[in-house]
Amino acid sequence: MKKVFFYDTAIGRIGIAENGAGITDLFFDEVDMPKGSVLEETELLKETAKQLKEYLEGERKNFELLLCSEGTKFQKKVWEALESIPYGETRTYKQIAEQIGNPKACRAVGMANNKNPISIIIPCHRVIGSNGRLVGYGGGIEMKKKLIDIENQPSKMSQI
């Protein structure tokens, strides 16, 4: 059974879910809670919210969390590729398709991006169109822009 809790953040209300082994979902408030889940805050959810807050404040570049994403073998391969995109950088759908060894799968990569259950932590916001434009994001293009802008700000860590 998944446990879910909601947190107010600098970018709005976010829901985070875990299954006892790791984080399974991160979603924006408009999305319904995962089926079969209960509203309960756990230590893992608190830690995830803490790391998310640090990320949104420019104090964290990498998440140190156990993830339990649920998807097809192809989706998981795409999500693994997304996790390799460095903080502050972007890749195109075509580059991700090439990285996973399937250069013609740009649309399928886009669909896998769309199904990413752990948004932000698995950084699908770092994937852009081949023309350099911000396209497609479950939280909306404005949210995608906010996340990219956060990553393009001078790091608070480098100012210490």
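I take contact, or touching, to mean heavy atoms within 4.5 Å.

**Entry 1: ground rules**

I am working on a predicted model, where local features need pLDDT of at least 70, side-chain atom pairs count only at pLDDT 80 or more, and totals for chains, interfaces and linings use all residues. I number residues from 1 along each chain as its sequence is written, and side-chain values use heavy atoms, with hydrogens and water left out.

**Entry 2: N116**

I started with N116. N116 touches W79, L82, I122 and C124, once residues up to four places away in sequence are not counted. I placed N116 in the loop between α4 and β6. Helices (H or I, at least four residues) and strands (E, at least two) are DSSP runs here, numbered from the N terminus. Is N116 buried or exposed? N116 is buried, because its relative accessible area is 9%. The cut-offs are under 20% relative accessible area for buried, over 50% for exposed and partly exposed in between, with a 1.4 Å probe and protein chains only.

**Entry 3: confidence**

I checked pLDDT, the predictor's confidence in each residue, from 0 to 100. The mean for the protein chain is 90, and 95% of its residues reach 70 or more. Among the elements, helix α1 (residues 43-56) has the highest mean pLDDT, 97. Helix α5 (residues 141-152) has the lowest, 88.

**Entry 4: H125**

I moved to H125, in the loop between α4 (106-114) and β6 (127-128). H125 counts as buried because its relative accessibility is 0%. Its side chain makes a polar contact with the side chain of Y55, at 3.3 Å. A polar contact is a pair of N or O atoms within 3.5 Å; within protein, one must be able to donate a hydrogen and the other to accept it, and residues adjacent in sequence count only if both atoms are side-chain atoms. Neighbours within four places in sequence aside, H125 is in contact with Y55, I120, Y137, K144, L147, I148 and E151.

**Entry 5: the core**

Which of its 36 residues touch the most other members? They are I11, L82, I120 and L147. β2 (12-18), β3 (23-28), α1, α2 (73-83), α3 (93-99), α4 and α5 each supply at least two residues of this core. α1 gives the most, five residues. The core draws at least three residues from each of domain 1 (3-57) and domain 2 (73-152). I then listed the partners of I11, leaving out residues up to four places away in sequence: F28, L56, I120, M143, K146, L147 and I150.

**Entry 6: the domains**

The domain bounds come from an automatic or database domain assignment. I find 21 Å between the centres of domain 1 and domain 2, taken over C-alpha atoms. Eleven residues of domain 1 are in contact with 15 residues of domain 2. The two domains bury about 1100 Å² between them, 73% of it on carbon and sulfur atoms. Buried area is the accessible area (1.4 Å probe) that two parts lose on being put together, summed over both.

G58 lies in the loop between α1 and α2. G58 is buried, with a relative accessible area of 11%. G58 and Q153 are 95 residues apart along the chain, and 7.6 Å separate their C-alpha atoms.

T92 lies in strand β5 (residues 91-92). At 14% relative accessibility, I count T92 as buried. T92 touches V127, I128, G129 and S130, with residues up to four places away in sequence not counted. T92 and L45 are 47 residues apart along the chain, with 31 Å between their C-alpha atoms.

How values were computed
A nonpolar core is a set of buried Ala, Val, Leu, Ile, Met, Phe, Trp, Tyr and Cys residues joined through side-chain atoms within 4.5 Å.
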